[in-house]
Amino acid sequence: MIRSLLVPDVSGLDCKRRTQFLCVAVVCLLLAGCESSQAEDVLTGLVGRWDFNDGTGKDLSGNGNDAVLEGGTVYSLGEGQACIQFMPGVDPMRIPASEDSALAISSGTICFWLNTVTGRNTLVKYDNRAVEINAYRGDFQVRFGGEDDFRYWDLVLDYDWPKYDMREFAFYGHPRASIDDSEWRLFAVAYDVEGKRIIGWKDGELISVIDLSTVDIEPLRREGLTEISTGEGLIGFMDDLRIYNRVLTDAEMREIYNSTKSVYAGRRDTIPTDKKMEVYAYQEQDRSLYRAWLQYAPARGRKGMDMLNQIAVEGANSTVRTAAAELADAVKSMFDFKPSVRTKPGSGSKVVLGTAETSSWIRDRANKLKLDRIKHDGFIIKAVEDASDTTLVIAGNVPAGVIFGAFDLIRRIQLGQDPSKLDVLENPQIPIRMVDHWAYFRGFLGDKWRGGGRNNSIYSWEELRTGDTKLIRDWVRMMSSAGWNAICPSEINWSYRNNFLEHLDEVEILAGICRDYGIKLYWSPSYLLALDKKTADTLYSRVPDFGGYLLKLGSEKQNGDPRPQMVNRIADNLKPYGGHALVRAFVYGNYRYTRKPYRNLIPYDIFAPEDGNYRDNVVIIPKGSPLDWDFAAPIPALDGAIQKNLSGSEMVIDKGWPVSWIEKWKWWMEQDNYRSGPGSLNKFDVDCIMGVSMISPSPAWTECPLNMVNYYGMGRLAWNPDLSVDEIYTEWIRLTFGDDPDLLDNIKAILLLSDDVTRKLYMYRGYRGIWIDTGEDNLVQGKTPHTVSRKGISVTSPELRKRLLDQYAPGLREIYGDRIKGEEFLPYFHFVDYDYRLSNGRTVIQDIYANLDEAVKGAEKMAETWKRLEGKIDQHRFKYTLDNLTGYIENARKTRNKMVECFEEKTGRKYNKVMSSKTL
């Protein structure tokens, strides 16, 4: 298109003004010519274009590759504009093609306008695997296949690559690659064979350039092409799809964007749906379920009641003032009177809360109170004589200690202790005690499409923005009461929905809620955002006590390098502010790390040799088992190996069935890793406990109310690993349900049974250390060095057995390498045939099948035991829990049956025959 300009008559102007006007006119003509040239340029090399404005899939390039819309329907955008709409379950749009057609490009550019709300779907795909463009976890992602061996997918670039930008699975994880939520965006990607690069754009601006100069890149595969499809799994809209056989420039992409953006400006088109994501809102009928262990039942007796009449809290510190408010509310509930809360300590018996910095009363008595004994966010609770009065002091070195002390005092009163006789010093053994939520923030237009699970988070940007924060605040409060002092509310896998930088006002509000309860806020950023110093500067300018980053690097399509060369750069960004970089050591997704991709071998191979090379604000955090959060597995080889740098352990807190994890994690705490010789228990050398939470809002927070013991128990165990399982269960039951001996005995029995049932069903990972996976061909998870065969169950080779054992310290090597001493995890380290006799009198195959039967009986026993408590627990809570336990029985039976079927197939040993010959 050539534009014309009308030049006005300038004959009446003086010479100078005439000259100026003509100069302007010439410039305008030149600019118009440039625009015309650019408009023509973006047609050069165009081999396919579909804009749907005429209501069909006509190819506007003139090459005749008209699209078959299939399940896609034309959707009007107004004023003669239209797009294609894809509803759930419909067939994709298909564009017939061939390896000889113009669409079979060897290099080129593909671009389109997109509006979608779903997290995983295919946008454009060549059926010969030459091109695949996806929306993956909410980001624009591309994959390419060369004409011979080259595949841009994974395993492409070495981690010594000099540029810390997108490596593979591009552009997933890049902060500029988000598809956003029900918003129209122009996406484009160029595959450049000559330049050996991949280029991505969003809305005409560069996302990233992938440098493939060190790779043997090839032209795209043409052979075998029969069609190009769009919309496979897509729910949403697509428009103006273009395919070029050349690489467009940045300027051309801006031209395409600028020339078409007016069609989509301000639109928030969404797909009609009857779906609705149910997010729990508190109902008074659920009070006893919702309050979990914070029931605050009336206290037996009136011990120490006089000193609770007056609570003194000086200063304006929000954490200390929250502590005073929590204590006052608890006293009201337990003793049926509301204490007066004063800003200065008065005469008479009283409670004084604060730190030496917030309270002049406490500061004046710092030596007498021996505040120097307090470490980290610990506290003292001490009744002291002050003149003729008794004053109960709750003091910390930092405000967080005061809120933890207030909750501890409430717990002690609930358990029958006399506050007037207290002299308590409580210091946490583990400094960082984090609840890590594997969920995506809510508060988006597309929430209704996403259903529950990780999409139904406790956290919502909209609720933070509007002040509807009861759910968030009550949750943070509950975690604080159990001693947790850090929260990461964002899924460990990157998603734009969790991008703190896009919601700084809300982040500040959330951090304030956390701060009130002595908790620091952390975040899981993309590695690119973490590498950018401006990210840390921005966050700390809004939240000065921000905790730091939780990082997943080089695993499950999360790009990044978990070794010091990248991690230290990230840690240096946080260091000036006192922030920590918590690095998950469960790294397994890329073959480049080891000779084989064995999940239980990779973490040690990566991190152990680098001990001492990380910054002092880096914490290396392996999972509490060598494979996953296995109920039946040895400790990870990495335990104890990190001695010079900070280290921790990642524990699962909650899953979707009734089970207590407390025995498992108490066992882990007490295990000897032998790194410094005998007696090197895990609990002595842990700087961070990270509990993974996978819950959605519900009346009882968890699917089974009994699972709340995990949040309480792991918080308490992280504070004091010397607590016994019985002590934790006793505390939690008394606080949650009351002191009736029948309640204590029967609920303890259920919790203990729940551990046995999960372990014996192999439903969380394993038989004696072997990761059982019914979805795998050989019944063993594919990324582990184990096998289940007709001959036996074992490590796949003597060489791998040696590699497994060599990662452990000599003391553990001796135990695990011995068939008798290490029988608990026998097949993890040894070949074992099915007729091998175990110390319990069973053969291995008898043990496998008998465990499954015992698990089902255990599940049945859990429900039967709960029924005995009818009348001792309020009816609503009783029935809610009973329904869950009863439903679990059927799930346990189905799991048992599936396991039996799989073991019969893989071992050749029939269940009925084995069990008929079983000796007890």
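These are my notebook entries on a predicted model of one protein chain.

**Ground rules**

I number residues from 1 along each chain as its sequence is written, and for side-chain values I use heavy atoms, with hydrogens and water left out. Since this is a predicted model, I take local features at pLDDT of at least 70 and count side-chain atom pairs only at pLDDT 80 or more, while totals for chains, interfaces and linings use all residues.

**Entry 1: the whole chain**

I started with the overall count and found 25 helices and 33 strands in the protein chain. Both are DSSP runs numbered from the N terminus: helices are H or I with at least four residues, strands are E with at least two. The radius of gyration is 32 Å, close to the 29 Å that the globule rule gives for 920 residues, so the chain is as compact as a globular protein of that length. That radius is taken over C-alpha atoms, and the rule is 2.2 Å times the number of residues to the power 0.38.

I also looked up the extents: the C-alpha trace spans about 105 × 85 × 55 Å along its principal axes. Of the 920 residues, 61% are buried. Buried means under 20% relative accessible area, exposed over 50%, and partly exposed in between, with a 1.4 Å probe and protein chains only.

The accessible surface comes to about 35,100 Å², and carbon and sulfur atoms hold 48% of it. I got the areas from the Shrake-Rupley method with a 1.4 Å probe; for residues, only the protein chains shown count as cover. For contacts (heavy atoms within 4.5 Å) with a separation of 6 or more, 73% are between residues 24 or more positions apart.

How much of strand 11 is buried? Five of its six residues are, so the strand is largely enclosed by the rest of the structure.

I checked the partners next; two strands pair if DSSP finds at least two bridges between them. Strand 10 (residues 185–192) runs antiparallel to strand 11 over six bridges, and Tyr-191 sits opposite Ile-198 of strand 11. The two strands make a hairpin with four residues between them, and in the turn Lys-196 has a positive phi of about 50°.

On to strand 12: strand 11 pairs with it over six bridges, again in the antiparallel sense. Here Gly-200 stands opposite Ser-208 in strand 12. This hairpin has two residues between the strands, and Asp-203 has a positive phi near 50°.

Asp-203 lies in the loop between strand 11 (197–202) and strand 12 (205–211) and is buried at 12% relative accessible area. Asp-240 also has a positive phi, about 50°, although it is not a glycine. I found Asp-240 within strand 14 (residues 236–244), buried at 3% relative accessible area.

Strand 15 (residues 310–313) and strand 17 (residues 350–354) are parallel, paired over three bridges, with Ile-311 opposite Val-351 of strand 17.

Asn-121 is in strand 6 (residues 120–126) and is buried, with 6% relative accessible area. Not counting residues up to four places away in sequence, its contacts include Thr-116, Asn-134 and Glu-232.

Phe-586 is in the loop between strand 25 (580–584) and helix 15 (602–607), yet at 4% relative accessibility it counts as buried. Leaving aside neighbours within four places in sequence, Phe-586 touches Ser-555, Arg-599, Ile-621, Lys-623, Leu-627 and Asp-628.
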